[in-house]
Amino acid sequence: MIDLRSDTVTKPTPEMREAMAQADVGDDVYGEDATINELQEYTAELFGKPAAIFVPSGTMGNQICLAIHTRTGDEVICEAESHIFHYETAGASVISRTQLYCVPSERGSPEPDAIREAIRPHVYYFPKTAAIALENSHNRHGGAVISQEYVLQIEKIARENDIAFHCDGARIWNASVASGVALKEMAEPFDTLSVCFSKGLGAPVGSIIVGKKEHIDAARKWRKILGGGMRQAGILAAGALYALKNQLPTLKSDHEKAREFAVKIAEGEFTEVDLTRVETNIVLFKVHVPVSPELFLQKCRERGLLISSGRVGWFRAVFHHQILKSQVGEAAQIIDEVLQEFAEF
């Protein structure tokens, strides 16, 4: 089965499993897990931030960051297709008891003027705009990379208005590899970043929050409240460390496979893809035959291909290190054969 539903479906390699089996562990709630501590120090250094804290998931990482930047009744500005809006189960309304103000965009980067206009005036009957959150790379915009020039523009707006600045960096590794901008440079404008190990990096579990010490101290309390204070979690951290040191250098190949797939899809009679939007490991495409999304996905599955629905009207294929180069053309061929079958009716 060729599984292109997401880069979350990756499984630990034998070498990663061995690193996990040999991990030096302790009680992380006491701060005594040596491998957790090593991972936190290593990642903080990668991003040029003073401190970091390991959390079970990217959703928890994002929600903790929103919680430490806001108070009940505040508002957070985000892009209309962002993960924190679509895929975190209205967590902001439950955990930090804040609301999200969604600003639409073409490629994950709302116009700076639109961000400015979304900032609430200081009037008692408006919520306080407490934070701005960007996503890089941007999932629902097909893995789009948010440019550093744009990030700096939004940082300026945030600083001028005394607003916190957060990055959902679940796939920031891909954005860095694709853009050539170092992780430290990408991270510098943000107060906090939540970055994920269990997507393209291929670790089985975990994300990490990086930021100032006071933010990480506050995040530790929120992590405990949310049940994320784990004990001998160094077994998980060892997988993340292995991923950083061994899988991160290979991400370029995932982008190359995505580009090859997109080119083949673009040549298909019944498929449409905007090649200018294929920047990292995610490919969004449309089909032009009369078939329901559910039936199309089912027929692909029956032929040995798993893909997923993306934004409304689009399908998504996500490439990762466990997809062989030989499977790229096979995946595109399966899609073409399924669509050909429906086109003949």
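# Questions on a predicted model

Student: Where is Thr89 placed, and how should I read its number?
Tutor: This is a predicted model, in which local features need pLDDT of at least 70, side-chain atom pairs count only at pLDDT 80 or more, and totals for chains, interfaces and linings use all residues. Residues are numbered from 1 along each chain as its sequence is written, and side-chain values use heavy atoms, with hydrogens and water left out. Helices (H or I, at least four residues) and strands (E, at least two) are DSSP runs numbered from the N terminus, and Thr89 is placed in the loop between helix H4 (83-86) and helix H5 (91-94).

Student: What is the phi of Ala90, which is not a glycine?
Tutor: Most residues other than glycine have a negative phi. Ala90 is found in the loop between H4 and H5, and with a relative accessible area of 46% it is partly exposed. Thr89 has a positive phi of about 55° although it is not a glycine, and for Ala90, also not a glycine, the phi is positive too, at about 55°.

Student: Which peptide bond is cis, with omega near -5°?
Tutor: Most peptide bonds are trans. Ser137, in the loop between strand S5 (129-135) and helix H7 (148-160), takes part in a cis bond, and this bond runs from Asn136 to Ser137.

Student: How many disulfides does a search of the whole structure find?
Tutor: A disulfide is counted when a pair of cysteine sulfur atoms lies within 2.5 Å. With that cut-off, the number found in a search of the whole structure is zero.

Student: How far from Cys102 is the nearest cysteine sulfur?
Tutor: Cys102, which lies in strand S4 (residues 99-103), is partly exposed because its relative accessibility is 24%. Cys102 is in no disulfide, and the nearest cysteine sulfur, that of Cys78, is at a distance of 3.8 Å.

Student: What is the radius of gyration of the protein chain?
Tutor: The chain holds 14 helices and 13 strands, and its C-alpha atoms fill a box of roughly 60 × 55 × 35 Å along the principal axes. The radius of gyration is taken over C-alpha atoms, and the globule rule is 2.2 Å times the number of residues to the power 0.38. For 345 residues a compact globule would have a value near 20 Å, which agrees with that of the protein chain, 21 Å.

How values were computed
Buried < 20%, exposed > 50% of the residue type's maximum accessible area, 1.4 Å probe, protein only.
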